[in-house]
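The sequence and the structure come first.

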Amino acid sequence: MAQLTQMTNEQLHALIEAVRAAAVGAAGSAAAAAAEGADPTKGKGSFSTCTHSFGGARDHDVVEEFLANITLYKELEGISDENALKGISLLFYGMASTWWQGVRKEAVTWKDAIDLIRDHFSPTKPAYQVYMEFFQNKQDDHVPIDTFVIQKRALLAQLPSGRHDEDTELDLLFGLLNIKYRKHITRQSIRTFKDLLEQGRIIEHNNQEDQELVAASKNTRGSKRTTRCTYCSFRGHTFDNCRKRQKDRHEEQQEE
């Protein structure tokens, strides 16, 4: 039979005070964490389940997409800078993995790692080279205006910050547009890239409708041309409902 433990009033009072002090301490810690915006799970994540990877492509767009993805993943998963730096090797493969083995000692912080990746695989282009690439190609007839504008704006984004305002960028790009757009859009009618895209999409939609109408018209004319009677060679009917054939057949039956 279990023995009941009896406590004196002093012991009970001491126990209550100890529990109360512990509760107050826990509440204070939670309040301090909330005030600082701290997340108790922050810093415990890793890149072990991250699906983004990098193989060492020397392509500005590929590098920037990779860095943007892992930066966002790090933030959403609450990965500390220290853990991110330790686990970034999990995201490399091929040439990038070999490269990282040689330079990882140079990366003391997470920012160092990001800068190393960008400097090695996507170094900043000099402005003259950006302009050369920008003006190298005009818009081909089959390239949608959305795709063309995105590509050209991505190049302009590689220029030093604040180099051009939007109006100047529109001036630079407008002359590279395909003539089918410049026939209907005047430079004065657009103030932003949004205006340009909206008007360009309308032109593309109208051109698509025109092409569909022309194709339908050709198909209709073609189907009429192919409807030729194999008996009398006239168009508009077939062998089965040819009146001449029916007449000739009727006359043959009468003669018999």
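## Cysteines

The structure holds zero disulfides, a disulfide being a pair of cysteine sulfur atoms within 2.5 Å. Cys-50 counts as buried because its relative accessibility is 13%. Cys-242 is buried too, with a relative accessible area of 1%. Buried means under 20% relative accessible area, exposed over 50%, and partly exposed in between (1.4 Å probe, protein chains only).

## Basis of the values

This is a predicted model, in which local features need pLDDT of at least 70 and side-chain atom pairs count only at pLDDT 80 or more, while totals for chains, interfaces and linings use all residues. Residues are numbered from 1 along each chain as its sequence is written, and side-chain values use heavy atoms, with hydrogens and water left out.

## Helix α4

Helix α4 spans residues 95-103, and its buried residues are Ala-96, Trp-99, Trp-100 and Val-103. They line one face of the helix, because they fall within an arc of 100° when seen down the axis of α4; the arc is that of the directions from the helix axis to the C-beta atoms. Helices are DSSP runs (H or I, at least four residues), numbered from the N terminus.

The buried residues of α4 pack against α3 (81-87) and α5 (110-121), where contact means heavy atoms within 4.5 Å. On the face turned away from the buried side are the exposed residues Thr-98, Gln-101 and Gly-102.

## Gln-158

Gln-158 sits in the loop between α7 (145-156) and α8 (166-174). Its relative accessibility is 13%, so Gln-158 counts as buried. Leaving aside residues up to four places away in sequence, Gln-158 touches His-60, Lys-125 and Val-130.

Notes
Helices (H or I, at least four residues) and strands (E, at least two) are DSSP runs, numbered from the N terminus.
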